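Some notes on helix packing follow, as numbered points. Please read them with the model open.

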Amino acid sequence: MTQQVVSISADTPSRKIAAEFRAQLARRGLRQADIGAALGKPQAWVSRRLSATGDHVFTIEEVLEMANVLGLQAEDVLRTVLPRLDSNQQPSG
């Protein structure tokens, strides 16, 4: 019997979003429990979403909620994961 190894890219959108939120927590001196309390969620809920393994896929609602609690614009958080398109770029295909 052979084992299949699945490699998860370190730069998935959810990992980038989690990394941005972790960085913002650190900058503000906040704990995961602080965010959980503000959202009415347990610290374990926040921990799963901010895990560096990137196992959780963020929903738009979660990005909006966490950004709001941190005083961020969700658009700014999403810019960290979306490629920048110059105004002269043409769509592919």
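1. The axes of α2 and α3 come within 8 Å and cross at roughly 115°; axes are lines fitted to C-alpha atoms, for helices over the stretch in contact, and angles run from 0 to 180 degrees between N-to-C directions. The two helices, α2 and α3, are therefore roughly perpendicular (65 to 115 degrees). Helices here are DSSP runs of H or I, at least four residues, numbered from the N terminus.

2. This is a predicted model, in which local features need pLDDT of at least 70 and side-chain atom pairs count only at pLDDT 80 or more, while totals for chains, interfaces and linings use all residues. Residues are numbered from 1 along each chain as its sequence is written, and side-chain values use heavy atoms, with hydrogens and water left out.

3. Which residues of α2 meet α3? They are Q32, A33, I35, G36 and L39, and their partners in α3 are Q43, W45, V46, S47 and L50 (contact: heavy atoms within 4.5 Å).

4. In α3 (residues 43-50), W45, V46, R49 and L50 are buried (under 20% relative accessible area, 1.4 Å probe, protein chains only). Seen down the axis of α3, these buried residues fall within an arc of 120°, so they line one face of the helix; the arc is that of the directions from the helix axis to the C-beta atoms. They pack against α1 (13-28), α2 (32-39) and α4 (60-69).

5. V77 lies in α5 (residues 74-79) and counts as buried, at 2% relative accessibility. Leaving aside neighbours within four places in sequence, V77 is in contact with I17, E20, F21, V63, A67 and L72.

Conventions. Buried means under 20% relative accessible area, exposed over 50%, partly exposed in between (1.4 Å probe, protein chains only). Angles under 35 degrees count as roughly parallel, over 145 as roughly antiparallel, 65 to 115 as roughly perpendicular and the rest as oblique.
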